[in-house]
Amino acid sequence: MADASALIPELAALFTGDFAHYREVLVAATDPRPAFPARELVHPEGLTWLLRRYAPDRPDADLRALVSQWSRSYFLRLTVPTLTANLLLDRELPVALDTLEIVLDPEGLPAAFKIPDAGVRWRTPPDGPFQRFRVLLDDNFAPFIEAMNRQVKVSRTVLWSNAANYIEWLVSAMAGRSVPERRLADGRALIAAEQRPDGRRNPLHEPVRYVAREGMPSPFRQRRQCCIRYLLPGLGLCENCPHIDDPPRGVTRALAENA
């Protein structure tokens, strides 16, 4: 739990109800808990240290799957408060990989992130989602994903899909809480755009689809890209995995449906 003095006043009042636990995810650098610089993850020594903390009993596990599974917590914990503050408060937070420190929980997963300050409010409306979320996407997600791809050969597509999955979920959840559509516009545009403004492919484009499926709530929210967690011993497919009806070889249907 974060020290009360380390909570960021500009953000603390933003998270209530079901989102109350995100109040303590982005904290000031004065938080006394041990943390390590996120930029260390771009180096083999830093990633090796992290995976020893996260999976000490899995020395022979598939490193791609380990990184993908860890990244899911990383993206979720970082995406929710960062996008929410940006969309609802028009506040850009300093979450670049070079300025962030990560506090781990006892399982070696991200519990909180120390940031140097409370960020700044947009003086003029940003020119679309890729400007609004530039720091998060270009200064954090992109170098993190490139480093993981370089070090353990985990697919960039898998990692971008992990991030995009939570962006889509968050925007949908905010819409369900009656957040004005004008506030959600850049969030929706971020996952709707096939290309970035410079013509490059948008790796966050439409990460999920909603399909009819017998015996389950309809429409069924299904990821387009598998997170490959099933490569880890004891884990099956995610409940919204694209392979749920046709599990990969060695993953039984029962395991997939009850994962």
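In strand E5 (residues 110-115), six of the six residues are buried, so the strand is largely enclosed by the rest of the structure. The model is predicted, and the values reported here are computed from it.

Strand E5 is paired with strand E1 and with strand E4. Strand E1, which spans residues 26-28, runs parallel to E5 and is joined to it by three bridges. Within this pairing, Leu-26 has Phe-113 of E5 as its bridge partner. Strand E4, comprising residues 101-104, is antiparallel to E5, and four bridges connect the two. E4 and E5 together form a hairpin in which five residues lie between the strands. Gly-108, located in the turn of this hairpin, has a positive phi of about 85°.

The relative accessible area of Arg-156 is 39%; because partly exposed denotes the range between under 20% (buried) and over 50% (exposed), Arg-156 is classed as partly exposed. When residues up to four places away in sequence are not counted, Arg-156 touches Ile-145, Glu-146 and Asn-149.

Terms used:
Residues numbered from 1 in each chain as written. Predicted model: local features only at pLDDT ≥ 70, side-chain atom pairs only at ≥ 80, totals over all residues. Heavy atoms only, no water. Buried < 20%, exposed > 50% of the residue type's maximum accessible area, 1.4 Å probe, protein only. Pairing = 2+ DSSP bridges. Contact = heavy atoms within 4.5 Å.
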